[in-house]
Amino acid sequence: MKVSELQGKDQAGLTKELNDLLKAQFSLRMQIATQQLTNTSQLKKVRRDIARVKTVMNQKDAK
């Protein structure tokens with residue numbers, strides 16, 4: 001996910017995106033706990049996407 005894509009969304013779209021990413025992160029954590037996740041790099045990507053969304057949300061709030 002690119003920052004330019006996120007900056008084009010409104011606050012409601014960013015909130016929805018953040019909720020989707022948090023659900024994905026929870027799902028990946030459960031897969032790790034049950035030893036079902038083979039590609040552990042997915043967790044890192046989701047964590048970084050969450051940080052990107054939060055950063056863009058904070059930037060929009062500051063304006």
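## Overall architecture

Helices (H or I, at least four residues) and strands (E, at least two) are DSSP runs, numbered from the N terminus. On that basis the protein holds 3 helices and 0 strands, and its pattern along the sequence is α-α-α. The model is predicted: local features need pLDDT of at least 70 and side-chain atom pairs count only at pLDDT 80 or more, while totals for chains, interfaces and linings use all residues. Residues are numbered from 1 along each chain as its sequence is written, and side-chain values use heavy atoms, with hydrogens and water left out.

Taken along the principal axes, the C-alpha atoms occupy a box of roughly 45 × 15 × 15 Å. The accessible surface amounts to about 4,600 Å², as given by the Shrake-Rupley method with a 1.4 Å probe, where for residues only the protein chains shown count as cover. Carbon and sulfur atoms contribute 51% of this surface. Of the 63 residues, 24% count as buried; here buried means under 20% relative accessible area, exposed means over 50%, and partly exposed lies in between (1.4 Å probe, protein chains only). Contact is defined as heavy atoms within 4.5 Å. Among contacts between residues at least 6 apart in sequence, 70% join residues at least 24 apart.

## Helix α2

Helix α2 covers residues 11-33. The expected span of a helix is 1.5 Å times one less than its number of residues. For the 23 residues of α2 this gives 33 Å, and the end C-alpha atoms are 33 Å apart, in agreement with that value.

The buried residues of α2 are Leu 14, Glu 17, Leu 18, Leu 21, Gln 25 and Leu 28. These buried residues pack against α1 and α3. Neighbours within four places in sequence aside, Glu 17 is in contact with Met 1, Leu 6, Lys 9 and Val 53.

## The loop between α2 and α3

Gln 35 follows α2 and lies in the loop between α2 and α3. Its phi is positive, about 60 degrees, although the residue is not a glycine. Gln 35 counts as exposed because its relative accessibility is 73%.

## Helix α3

Within α3, the buried residues are Leu 43, Val 46, Asp 49, Ile 50, Val 53, Val 56 and Met 57. Seen down the helix axis, these buried residues fall within an arc of 150 degrees, so they line one face of α3; the arc is that of the directions from the helix axis to the C-beta atoms.

Lys 45, Asn 58 and Ala 62 are exposed on the other side of α3. The cover over the buried residues of α3 includes α1 (3-7) and α2 (11-33).

## Salt bridges

The structure holds 3 salt bridges, each defined as a side-chain nitrogen of Lys or Arg within 4 Å of a carboxyl oxygen of Asp or Glu. Side chains of opposite charge can pair when their charged atoms come close. One of the bridges joins the side chains of Lys 9 and Glu 17, at 3.0 Å from N to O. Lys 9 is partly exposed, with a relative accessible area of 30%, whereas Glu 17 is buried at 16%.

Another bridge, at 3.1 Å from N to O, links Lys 16 and Asp 20. Both residues lie in helix α2, 4 residues apart, about one turn of the helix. Lys 16 counts as exposed at 53% relative accessibility, and Asp 20 is partly exposed at 35%. In helix α3, Asp 49 and Arg 52 lie 3 residues apart, about one turn of the helix, and their side chains meet in a salt bridge of 2.8 Å, N to O. Asp 49 is buried, with a relative accessible area of 13%, while Arg 52 counts as partly exposed at 33% relative accessibility.
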